[in-house]
Amino acid sequence: MNLVVRLCGLIVLALGTAATVAGLALPWTMSGGLHPDLTTIAGIAFLGPLLGLLCLAYARHDPRRFRLVAAVAGVAAVAALLVAVGLARLVSPSAGVAVGGPLAVVGSALAVLGWLLLLVAGPGRITFAGRRSWLAAALTVALALLASFVGIDWAREGRFVDATTAGARPAGPAPAWPLQLAGVQLVGVHEDLVILRGADGIRAVWLGSGTTAWQYLRSDLPSSTAGLVDGAVVVVFGTDDGILVTALDAGSGAERFSRRFESGKMATVRAAGRIAVLSNLGIGAGDLLGIDARDGALRWRWTPERNGGPCDVTDLASTSETVAVAMRCRATGVDDMAVGLTADGGAERWSWHAIQRTNPELRVFAVGAGFVTVTGVPHRATYMDAVTGSVGARHDAAGALALAAGTTVLYAEPSADRPHLAAVDARTGGVKWDVALPGLGGHQPLTGAADDGQAHLLWRSPDGALRLLTVTTENGAIPSAARTISCPAKCPDTTAVAAGSGHTAVTVRDEKATTLYLTVP
């Protein structure tokens, strides 16, 4: 029995020594690849591997003092472990916990265990004469490696992540809307789920019951934006020197990938087929990234600049083939323009320049197999082919709110006497229909979403109440009167509408709040 224990102790000690040395050599932070200072590295190396090897050599020379030597080496290994743990805890989670620190901690812990086993077994020779010795050696290596991998994974990710996956859809009556939930962004609707982004991550809520289906929350990094791409929720977290992008299956919450990228802040995630297009908005937007939503591979990186100077990104739209970026460039005077990029490679396909500077800045919408750019005052819309960029029909964008619905652009125009909604065929520029909206006099259009042949537009009354109007995009038919969206008190200014899979969701939130109110009409 002592032979097996002694053999296991030596194997664990060897693995611990190797892991400690490797951990001290590898980076401890993902941002900048930082290491501990040389004094600390020398201290851990002396108390752990170096002193351990000296003790082994001395114990072999004088076996009578083996247990005393093992005890001294074990105490030194404990000291090395405490130093490694204390130093690893100082690594800021936002800098990213690299493998070096956890590996050094695991190696020191294995060294402590190895010396403890040797202390119990006492002195003696090591032989591999029997099958039991080989089995013990193999089992020890397997268990040590398994425990090390689990410990390192927990130290780097597991202790920060609170993740669950979806089970069966619960039965029961619909809740009383609105529901107060943690969240700052309505990401979208996927099948029977509404996806919400909070400051700490993603929550998916059953539309029928209002209960949480799955969640992915992080305690170490703040989330900045999220979007639905290729059946996945792509969420972006901010780090010290870039971003962490995590993709989760929208239906189950299972993780597809989680990868870090060097980048500036991101404000939006758009779907271009299976590519997630990440971009910031406004002045100094920085690079756009094209990331494969299935495996996390960085397909392309594109910098918005012209004539040697950076450009502001004012809007973004995408089809399965092309990403259209609306920009304002100032290197040689103010130039409002749109650039088309290939969705799979980020190469420039075409560019289009507005005739004159507009205020507000240029916007762009995806409509069918093309795009529509909308300038500021006066509002003029221009259709262009998504692949070639060839310019088609132009029309007056006569509405305070524009909403793309298939190959149609809807314009909502408020009025005290005759608020109305008009649909324009994007390709021809012709008006398909124009309907008055009785009962919405004095209301202001806020936002909307379109799906499955219907458009849902949110309006605010003069007294602050919210009403959701649903219209058929083909002919302008209004199947029912506008529905009132309840708020807990006064309806907040920040609103959002999402539609998908035959469902509609509306959220309202105070500007600086970390909770929102969800209504499923």
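**Strand pairing and ring contacts**

Analyst: Leu-421 stands opposite Val-435 in S27. The model is predicted: local features need pLDDT of at least 70 and side-chain atom pairs pLDDT 80 or more, while totals for chains, interfaces and linings use all residues. Residues are numbered from 1 along each chain as its sequence is written, and side-chain values use heavy atoms, without hydrogens and water.

User: How many bridges join strand S26 to S27?

Analyst: Strands are DSSP runs of E, at least two residues, numbered from the N terminus; two of them pair if DSSP finds at least two bridges between them. Here five bridges join S26 (residues 420-425) to S27, and the two run antiparallel. The open sheet has four strands, in the order S24-S25-S26-S27. S24 (401-405) and S27 (431-436) are at the edges with a single partner strand each, so one side of each has no neighbour in the sheet.

User: What is the count of aromatic pairs?

Analyst: Rings of Phe, Tyr and Trp (its six-membered ring) pair if their centres lie within 6.5 Å; planes under 30 degrees apart are stacked, over 60 edge-to-face, the rest tilted. The count is two. Tyr-216 and Phe-237 have ring centres 6.3 Å apart and planes at 55°, so this pair is tilted. Tyr-216 is in strand S6 (residues 212-218) and Phe-237 in strand S8 (residues 232-238), 21 residues apart. Trp-350 and Phe-371 form a tilted pair, with 6.3 Å between centres and 55° between planes.

User: Is Phe-237 buried or exposed?

Analyst: Buried means under 20% relative accessible area, exposed over 50%, partly exposed in between (1.4 Å probe, protein chains only). Phe-237, at 0%, is buried, and Tyr-216, at 2%, is buried.
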